[in-house]
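Subject: Structure handover

Hello,

Here is the structure you are taking over, with its sequence. My notes on it follow below.

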Amino acid sequence: MAVRTPSAETKDSTGEALVRHHAYILTGPAMTQRTSVAIISGAGGQDGSYLAEWLLAHDYHVVALVRHTPAHYERLNHLRGKFDIRQVNLRDSGATEEILRRIAADEFYNLAARASSATLFDEPAEMGMENGVMVAQLLETLRRTSPQTRFCQAGSSEMFGNTTVSPQDETTAFRPRNPYGAAKIFAHIAVQTYRQRHHMFACNAILYNHESPRRSPEMVTRKVAIAAARAYRNLPVALTLGDLEARRDWGYAGDYVRALWLMLQQPAADDYVIATGILHSVRELCEVAFEHVDLDYRPFLRLDPSLTRAPESIPLVGNSDKARALLGWEPEVTFSEMIRNMVDAEVAAIDRNAGE
Ligand SMILES: Nc1nc2c(ncn2[C@@H]2O[C@H](COP(=O)(O)OP(=O)(O)O[C@H]3O[C@H](CO)[C@@H](O)[C@H](O)[C@@H]3O)[C@@H](O)[C@H]2O)c(=O)[nH]1
């Protein structure tokens with residue numbers, strides 16, 4: 001168990017105590033547990049909501065940083081009142097610095113990013129700023145205000161892009177094929193720089209696709225789950241897909257946020273690939289989702305080539321042996337279980353809406 005130095009109570013501008021922390025401190029033979037404080041940026045997304053749940057279940061004081069008005073974030077609704085939520089644009093370094101200085105968190109998880117597959121190629125300059133340069137800015141602010149804070153950066157398998165190696169691991173060369181992947185690599189290198197040159201506890205998670213009922217509806221797993229549930233409830237279905245043969249290494253988001261947390265509990269900071277190591281096609285995804293409701297997906301399917309992306313010459317599939325060995329991490333939810341849960345969640349949502 002890591003032993004961390006306690007720090008002082010922090011106060012807001014009114015002088016009111018905000019949070020008391022720190023982690024686990026040894027007091028003689030007995031171990032006293034104090035509340036750890038974690039900041040999650042980009043907390044309103046799929047991963048932020050699962051990570052907030054995980055941290056709250058582990059008695060953390062959670063501070064969620066969101067970009068828009070807090071009420072906007074439905075995925076956090078069930079947790080309201082259990083954590084602090086602050087609206088801040090991380091590109092505003094002054095505002096970010098004030099928050100970081102005041103909170104002096106034990107852990108910081110950076111999940112803030114542009115993440116839609118529709119925008120992987122769009123607005124390269126903005127993409128570079130938000131998914132790349134902003135992370136370096138954040139690390140620099142942390143270095144000046146709260147260098148003891150442990151930092152975790154959510155990277156992506158898109159960094160491997162047009163790889164020539166399969167499966168990919170932490171030693172595989174990056175070959176990004178879009179500005180999204182390139183920006184994430186900039187962030188990845190920034191994390192390594194602050195770890196090596198400034199001795200900060202900063203980790204990179206190279207996350208392969210991870211899904212859940214909280215995934216954005218334009219992502220392919222959620223699209224298919226919604227279509228299967230609507231077909232099951234005899235509602236009009238638009239299952240319009242780009243490509244049935246595209247393959248992905250799909251894991252469950254709840255499992256992946258557990259890996260992020262585990263990284264920050266280690267004696268030393270490092271980088272880890274987080275993946276299942278198993279590929280499935282969009283066709284298999286459709287089969288699992290529709291078979292779960294005893295239907296055939298084919299009559300509902302329309303192919304739209306405009307939704308197709310050039311396939312990778314080598315599929316993106318991760319080797320997470322390092323995370324399994326050093327973090328003791330294993331994915332717990334299988335692909336089929338996850339897709340079936342996603343369909344069940346959509347059926348429940350339809351029924352809830354019908355009952356309102
Ligand atoms: N969205 C979508 N994808 C389709 C469709 N038809 C086929 N696909 C294929 O389905 C795969 C998964 O697509 P998405 O669910 O949109 O996710 P992604 O593009 O792989 O990106 C996600 O995962 C990355 C991790 O590798 C993340 O970095 C990224 O932010 C995002 O979460 C891709 O190969 C995509 O080409 C379609 O109609 N819609």
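This is a predicted model. The mean pLDDT of the protein is 90, and 90% of the residues reach 70 or more. Residues 1-31 have a pLDDT below 50, although this stretch makes 73 contacts in the model beyond near neighbours in sequence. Where pLDDT is low, the predicted coordinates should not be read in detail. For the complex, the predictor gives an ipTM of 0.96 and a pTM of 0.90.

Start with the open sheet of 7 strands, which has the order 7-6-5-8-9-10-15 and parallel pairing. Strand 7 (84-87) and strand 15 (271-274) each have a single partner strand, so they stand at the edges, and one side of each is left without a neighbour in the sheet. From one strand to the next, the twist averages 20 degrees.

One pairing can be followed residue by residue. Strand 5 (residues 37-41) and strand 6 (residues 61-66) run parallel and are joined by 5 bridges. Ala38 has Val62 of strand 6 as its bridge partner.

Helix 1 (residues 46-57) lies across strand 5, strand 6 and strand 8 (107-110), and runs at about 175 degrees to strand 5. Helix 4 (residues 179-198) also packs on the sheet, where it touches strand 9 (150-156), strand 10 (202-207) and strand 15. The direction of helix 4 makes about 155 degrees with that of strand 10.

Helix 3 with helix 4

Helix 4 also packs with helix 3, at an angle of about 15 degrees and with the axes 7 Å apart. That angle makes helix 3 roughly parallel to helix 4, and their crossing is right-handed. On the helix 3 side, the contact includes Pro124, Met127, Asn131, Leu139 and Arg143, while Tyr180, Lys184, Phe186, Tyr194 and His198 are among the residues of helix 4 that they meet. By class, this contact of helix 3 with helix 4 has 14 nonpolar, 4 polar and 3 charged residues.

Helix 5 and its two partners

Which helices does helix 5 pack against, and at what angles? One is helix 9 (residues 335-355), at about 55 degrees and with the axes 8 Å apart. That makes helix 5 oblique to helix 9. Their crossing is right-handed. By class, the contact of helix 5 with helix 9 has 10 nonpolar, 1 polar and 3 charged residues.

The other is helix 7 (residues 282-292), whose axis comes within 9 Å of that of helix 5 and crosses it at roughly 30 degrees. Helix 5 and helix 7 are therefore roughly parallel to each other. This crossing is right-handed too. From helix 5 the contact includes Val220, Val224, Ala227 and Ala231, and from helix 7 it includes Val282, Leu285, Cys286 and Phe290. The residues of the contact of helix 5 with helix 7 divide into 10 nonpolar, 1 polar and no charged.

Two backbone details

The peptide bond from Ser166 to Pro167 is cis, with omega near -10 degrees. Pro167 is placed in the loop between strand 9 and helix 4. Glu123 has a phi near 40 degrees, which is a positive value in a residue other than glycine. Glu123 is found in the loop between strand 8 and helix 3 (124-145).

Regards

Note on methods
Residues are numbered from 1 along each chain as its sequence is written. This is a predicted model: local features need pLDDT of at least 70, side-chain atom pairs count only at pLDDT 80 or more; totals for chains, interfaces and linings use all residues. Side-chain values use heavy atoms; hydrogens and water are left out. Axes are lines fitted to C-alpha atoms, for helices over the stretch in contact, and angles run from 0 to 180 degrees between N-to-C directions. Helices (H or I, at least four residues) and strands (E, at least two) are DSSP runs, numbered from the N terminus. Angles under 35 degrees count as roughly parallel, over 145 as roughly antiparallel, 65 to 115 as roughly perpendicular and the rest as oblique. A crossing is left-handed if the near helix is turned anticlockwise from the far one by less than a right angle, and right-handed if clockwise. Ala, Val, Leu, Ile, Met, Phe, Trp, Tyr, Cys and Pro count as nonpolar, Asp, Glu, Lys and Arg as charged, and the others, Gly among them, as polar. Two strands pair if DSSP finds at least two bridges between them. Contact means heavy atoms within 4.5 Å. pLDDT is the predictor's confidence in each residue, from 0 to 100.
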